[in-house]
Amino acid sequence: MNRPATSNYRRQQGALTVITPLLLVIVVILSVMALDGARLYMLRGEMQAQVNVAAQAAAGEAQSCGGQFVSTAVIQARALAAAKAQGFSEEDGSLQVQVGLIEDADDSDVLSFRPVNFVEESNAVLVTYTRNEPISMLLPQSVFGSLDITVNAATRKEVVATISAAGGTAGVGGDASLLGALLGRVLEQPGFSLDPTSLDSLENATVRLGDLLSNLGVDDVAEFLDLDADLLATAIGDVGGVAAPIATMLDDIAVSQGIETIKVGDIIEVVEGASVPEDSEFPVYDLVISLVLNLAEQQQAGEGGILDLPLNINDLNIPLIANINAVDLGLHVGEPPTVVTGPARQDQDGNWKTQFYAPDVTLQLSANAQILPIGLLGIVEFSLADLDIPLSVNAGGGEGALVSAECAKGAQNTVEFAVNLEREVARIVTGSLDSDGNLQPAALDADVGELQLLSGILKLGPLLHLNAEVDGSVPGVEETVVLDPRYDLYCDPVEGCSDLSHEELGDGLSGLDLGITINEATLLETGQFGGIPLGSLLNPVVDLIEDLLSDVVASLGEGLINPLLRTLGVGLGGISVNISAANQDGVQLIENIDVAD
């Protein structure tokens with residue numbers, strides 16, 4: 001029997017009466033949750049913006065960018081101030097600031113942040129913001145609960161500098177003939193001459209890394225550093241825009257004996273983990289000097305450890321002294337310099353990552369000096385002494401490290417660099433060098449007081465035999481210096497900008513403590529003159545010889561030794577250091593970055 005239709009209708013109406021309120025409740029809850037979801041999403045975005053600006057502000061105070069004085073307290077203060085300016089309130093949650101490292105990955109494009117124990121290792125700052133927030137602002141928290149929202153951001157900011165102690169501005173000022181003698185010996189071209197104007201053209205010449213990579217057909221820096229140095233020499237000549245004589249010389253270097261054992265990595269060093277943009281520039285002069293000294297180091301092994309350089313100097317004029325000639329000059333290269341690219345921070349062992357070395361070179365020379373010459377129309381010729389002086393010189397060299405960089409920011413276009421320089425003790429003695437380039441002190445012997453008459457037909461004397469030693473040193477110094485001028489990252493199209501940031505530690509012979517020891521002074525003839533014993537005349541003569549010998553050694557240092565050493569990038573007891581390029585392109589902001597163990 002069929003039920004009445006009105007009965008079915010009433011049952012459906014009763015069901016809707018129950019379901020409809022439930023549906024309305026569900027719709028309201030879903031609407032509220034959608035609003036809460038949008039609110040939480042917007043809140044997370046606000047939190048992310050706050051940690052972003054905090055990380056960027058704090059990263060400028062990390063070791064790699066914060067200048068000479070960095071501290072975690074300053075980093076945290078900068079992060080907190082920037083976050084508050086963006087709306088952060090400490091009542092809402094907690095802000096955690098960590099210093100650490102973000103380095104370029106070797107085999108992956110995924111970057112991670114690694115906390116460090118010491119701020120001196122840092123190039124990045126991680127800011128983490130955690131906030132507990134109710135899931136719903138309208139629905140009961142006791143039912144729906146709350147959740148922790150955590151966001152983070154890390155910013156890496158560092159400047160990568162190209163730094164050298166291999167010549168540059170100071171070296172170019174040296175005597176081109178001295179460098180020419182070394183080049184001629186290395187290139188096996190006796191009589192090689194180098195035009196000083198060609199050398200001067202290299203003073204501020206640089207070559208771009210990208211141009212070198214393109215010329216050599218390689219894709220990355222690692223492959224570039226593993227190439228043979230002869231390819232580097234050729235590439236510099238091709239893309240460096242150097243003067244024709246220098247380009248020809250680079251072609252000669254590329255085929256020199258020993259070049260096949262030298263790698264580009266022996267000339268250019270890139271600090272591990274450093275980002276080197278292709279627009280990084282290297283100083284051409286310093287690359288040439290490093291190439292030459294690397295060649296000299298290779299070739300000296302077959303020459304008994306010392307390279308002989310034929311060189312005549314006859315223009316060192318001192319009162320009472322004449323005819324100073326360098327009749328023999330030898331060079332020993334202990335360690336060639338490199339051009340280094342890297343940041344201003346330490347590694348995990350507390351060592352500065354970007355370290356550079358002044359050339360470790362020693363010299364030996366034999367000079368003849370005629371003291372107090374007197375001549376009268378060829379009838380009478382007299383000289384107080386005719387000395388053959390064998391000198392050995394350890395330049396002292398030294399090393400340094402890039403210890404701070406105050407990055408460019410805002411309207412400030414320049415980077416201020418500071419380096420720690422350690423100058424070794426330099427020494428100059430009478431003697432020679434052994435095959436390892438070590439000083440072997442020895443005395444010099446001289447006969448004093450020779451008189452010639454009638455163009456040497458009649459000779460009298462010598463009257464005195466002298467045995468003496470010279471031993472002098474320039475003390476070592478360790479000092480942290482700020483390079484001047486600051487390095488311009490971008491040049492003004494009208495005013496231009498400085499090309500090098502330069503510093504010198506030491507000033508040649510100014511700190512030389514020269515000691516002369518007279519071991520023996522013997523009269524060759526004894527007797528009396530006018531009742532005065534000849535022996536009583538000895539002391540004044542010896543004192544005069546000692547003073548003049550000191551002048552001779554100092555003159556050789558100023559006129560011969562220092563110019564050659566400065567041309568190679570180091571003076572006697574001094575270091576010259578240049579920053580020829582700086583790149584501040586390694587600024588990265590990474591949101592929600594992974595934190596490495």
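The points that follow concern salt bridges, an aromatic pair and surface patches.

1. Basis. This is a predicted model, in which local features need pLDDT of at least 70 and side-chain atom pairs count only at pLDDT 80 or more, while totals for chains, interfaces and linings use all residues. Residues are numbered from 1 along each chain as its sequence is written, and side-chain values use heavy atoms, with hydrogens and water left out.

2. Salt bridge E133–R39. The structure holds 13 salt bridges (a side-chain nitrogen of Lys or Arg within 4 Å of a carboxyl oxygen of Asp or Glu). In one of them, E133 and R39 meet at 3.0 Å, N to O. This pair links E133 in strand 3 with R39 in helix 1, 94 residues apart (helices are DSSP runs of H or I with at least four residues, strands runs of E with at least two, numbered from the N terminus). E133 is buried at 10% relative accessibility, whereas R39 is partly exposed at 23% (buried means under 20% relative accessible area, exposed over 50%, partly exposed in between, with a 1.4 Å probe and protein chains only). R39 and E133 also belong to a salt-bridge network with D92 and R131.

3. Salt bridge R345–E103. The side chains of R345 and E103 meet at 3.6 Å, N to O. R345 lies in the loop between strand 11 (339-342) and strand 12 (355-358), and E103 in the loop between strand 1 and strand 2 (112-115), 242 residues apart. R345 is buried, with 1% relative accessibility; E103 is partly exposed, with 30%.

4. Aromatic pair. How many aromatic pairs does a search of the whole structure find? The search finds 1, formed by F88 and Y129 in an edge-to-face arrangement, 5.0 Å centre to centre with 85° between the planes (ring centres of Phe, Tyr and Trp, the last by its six-membered ring, within 6.5 Å; planes under 30 degrees apart are stacked, over 60 edge-to-face, the rest tilted). F88 lies in the loop between helix 2 (72-85) and strand 1 (94-101) and Y129 in strand 3 (residues 124-134), so the pair ties together parts 41 residues apart in sequence. F88 is buried at 5% relative accessible area, and Y129 is buried at 0%.

5. Nonpolar patch. I19, L23, I26, L30 and M33 make a nonpolar surface patch of about 460 Å² (residues with over 30% relative accessible area and no salt bridge, nonpolar side chains being joined within 5 Å and like charges within 9 Å; areas by the Shrake-Rupley method with a 1.4 Å probe). L30, in helix 1 (residues 5-59), is exposed at 53% relative accessible area.
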